[in-house]
Amino acid sequence: MKRWMYSGLALITLFSLGLGSCDINASSTTTGTSISTATTLFTQWQSKTLASDITFQQAIAGTINGKNYLICSTNFEDEPSTNVTIVILDITNPDNPVQISSLQTGQDARPVVNNLELNGSTLYVLTYDNLWIIDVSNPNQPKNVGQMPLTGADSIEVSGKYAYIISVSEINVTTISTVDISDQVHPVSVGKTTIAGSYAVFYDMSPSGSLLFVLAENGLYVYDVSTPASLKQIGFLSNPFPPPTTMATYFIPQYFFDMALRGNFLYITVGIDRLLVIDISDPPAPKIVHDFTTTTQGTTIIISGETAYLLSHDGPMAFSTGSDSLLTAVDITDPDNPEELNTMPLPMPASAKLWESYGDMTEANNHLYFFDNDNPTIQIIDLSKSPWN
């Protein structure tokens with residue numbers, strides 16, 4: 001996920017590195033290309049069973065028993081339920097999702113889902129106050145199996161028998177909690193680590209290995225998680241841009257917003273129009289190898305193959321084109337020389353709001369899925385038919 005806001009959130013990537021050498025060039029700045037209006041490439045799916053006042057909050061794509069699924073969390077727009085609703089869609093035909101089941105969790109004081117994580121046949125649903133564990137081995141009949149109360153929870157990553165959970169307190173203290181989930185009915189916290197320097201500003205997590213990368217407003221932290229109950233910081237890369245109190249054009253701060261991993265490189269979206277390429281082949285000393293300027297702001301990033309897709313929420317270019325959200329494609333075949341391919345506005349339903357028109361974006365089967373933040377609608381694009389190919 002991947003949504004963004006100005007409050008304290010966190011981004012984590014957990015990855016097993018194959019350490020090796022690579023050529024590193026000096027950082028440089030490159031400008032992107034023009035905007036395309038080819039929105040006819042999108043198809044739309046809308047739920048026939050969910051009420052129109054239900055919104056999609058978070059979504060994740062994954063494989064269960066050899067079949068591909070989308071799993072979405074929902075919430076009532078005007079009258080929040082005390083339960084989280086999970087909806088499972090079969091995407092065997094990626095252009096035509098089929099809703100096959102839904103499930104409500106137990107009662108939750110703040111039933112807003114901050115993160116979903118699918119690990120094997122188990123779904124982990126993270127709200128501000130709870131971790132819900134759901135068995136989805138039979139996607140047609142998901143079952144609640146476990147629950148753990150939390151405080152200020154923002155994001156979760158699962159690796160092996162441990163879950164790593166980011167929490168942010170009201171005084172902007174970020175904590176990484178290690179939770180033993182070997183007994184899914186009774187998960188147990190076994191360790192906590194506090195991030196030094198500042199609270200994290202955006203979150204998302206990817207599996208899996210012996211290193212944990214944490215993206216915070218002041219920089220990138222690298223942790224060794226070989227001892228899960230006692231994480232050890234082994235590296236740090238400072239945010240080279242103005243501090244978060246300095247606001248950029250259109251009142252968007254130069255935060256580290258989101259990141260995605262490909263090989264020995266992290267791609268980090270920053271502020272109004274930047275994409276940083278970070279070499280992590282030497283974990284104690286992550287290094288910027290390219291500073292790329294994009295046409296639009298990319299607050300969410302997904303990598304599919306050799307292309308990075310950036311989703312813009314209400315950036316200045318979106319305002320100027322009369323669109324709330326834009327999709328930018330960047331060729332990252334050569335990490336030292338990324339190339340912007342094109343940018344297109346996303347189709348918006350008539351009822352779309354001004355802010356955060358898309359709540360999430362995910363990729364499966366060479367398709368991108370955009371989840372509406374105003375009703376149970378999904379916009380779908382087949383990447384093989386996109387105008388930059």
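Biologist: Which residues form one aromatic cluster?

Modeller: The model is a predicted one. The structure holds four aromatic pairs. One aromatic cluster is made up of Tyr221, Tyr223 and Phe236.

Biologist: How are the rings of phenylalanine 56 and phenylalanine 371 arranged, edge-to-face or stacked?

Modeller: A pair of aromatic rings is described by the distance of the centres and the angle of the planes. For phenylalanine 56 and phenylalanine 371 the centres are 6.1 Å apart and the planes stand at 90 degrees. Planes over 60 degrees apart count as edge-to-face. The pair is therefore edge-to-face.

Biologist: How many residues apart in sequence are the parts that phenylalanine 56 and phenylalanine 371 tie together?

Modeller: Phenylalanine 56 is buried at a relative accessible area of 0%, and phenylalanine 371 also counts as buried, at 1%. Phenylalanine 56 belongs to strand β3 (residues 54–64) and phenylalanine 371 to strand β27 (residues 367–372). The parts they tie together are thus separated in sequence by 315 residues.

Biologist: Is strand β19 largely enclosed by the rest of the structure or exposed, and why?

Modeller: In a regular strand the side chains alternate between the two faces of the sheet. From β19, Phe265, Tyr267 and Thr269 point one way, while Leu266, Ile268 and Val270 point the other way, and all are buried. Because six of the six residues of β19 (residues 265–270) are buried, the strand is largely enclosed by the rest of the structure.

Biologist: What is the bridge partner of leucine 261 in β19?

Modeller: β18 and β19 run antiparallel and are joined by six bridges. They form a hairpin with two residues between the strands, where glycine 263 takes a positive phi near 60 degrees. Within β19, leucine 261 has as its bridge partner leucine 266.

Biologist: And in β20, which residue is the bridge partner of leucine 266?

Modeller: Six bridges also join β19 to β20, again in an antiparallel arrangement. This hairpin has three residues between its strands, and glycine 271 in the turn has a positive phi of about 55 degrees. The partner of leucine 266 in β20 is isoleucine 278.

Biologist: How far apart are the closest N and O atoms of arginine 274 and aspartate 291?

Modeller: Arginine 274 lies in strand β20 (residues 274–279) and aspartate 291 in strand β21 (residues 287–293), 17 residues apart. Both arginine 274 and aspartate 291 are buried. The two form a salt bridge, and the closest N and O atoms are separated by 2.7 Å.

Biologist: Where does glutamate 306, the salt-bridge partner of arginine 262, lie?

Modeller: Arginine 262 and glutamate 306 meet through their side chains at 3.5 Å, N to O. Both are partly exposed, arginine 262 at 23% and glutamate 306 at 40%. Arginine 262 is in strand β18 (residues 256–262), 44 residues from glutamate 306, which lies in the loop between β22 (300–304) and β23 (307–313).

Biologist: Which side chain does a polar contact of 3.5 Å join to that of tyrosine 124?

Modeller: Tyrosine 124 is found in strand β8 (residues 122–127) and is buried, with a relative accessible area of 2%. Leaving aside neighbours within four places in sequence, its contacts include Leu116, Trp132, Ile156 and Gln184. The polar contact of 3.5 Å joins its side chain to that of glutamine 184.

Biologist: What share of the residues of the whole protein counts as buried?

Modeller: The protein has one helix and 28 strands. It exposes about 14,700 Å², of which carbon and sulfur atoms supply 49%. Of its 389 residues, the share that counts as buried is 59%.

Notes. Residues are numbered from 1 along each chain as its sequence is written. This is a predicted model: local features need pLDDT of at least 70, side-chain atom pairs count only at pLDDT 80 or more; totals for chains, interfaces and linings use all residues. Side-chain values use heavy atoms; hydrogens and water are left out. A salt bridge is a side-chain nitrogen of Lys or Arg within 4 Å of a carboxyl oxygen of Asp or Glu. Helices (H or I, at least four residues) and strands (E, at least two) are DSSP runs, numbered from the N terminus. Buried means under 20% relative accessible area, exposed over 50%, partly exposed in between (1.4 Å probe, protein chains only). Accessible areas come from the Shrake-Rupley method with a 1.4 Å probe; for residues, only the protein chains shown count as cover. Rings of Phe, Tyr and Trp (its six-membered ring) pair if their centres lie within 6.5 Å; planes under 30 degrees apart count as stacked, over 60 as edge-to-face and the rest as tilted. Two strands pair if DSSP finds at least two bridges between them. Contact means heavy atoms within 4.5 Å. A polar contact is a pair of N or O atoms within 3.5 Å; within protein, one must be able to donate a hydrogen and the other to accept it, and residues adjacent in sequence count only if both atoms are side-chain atoms.
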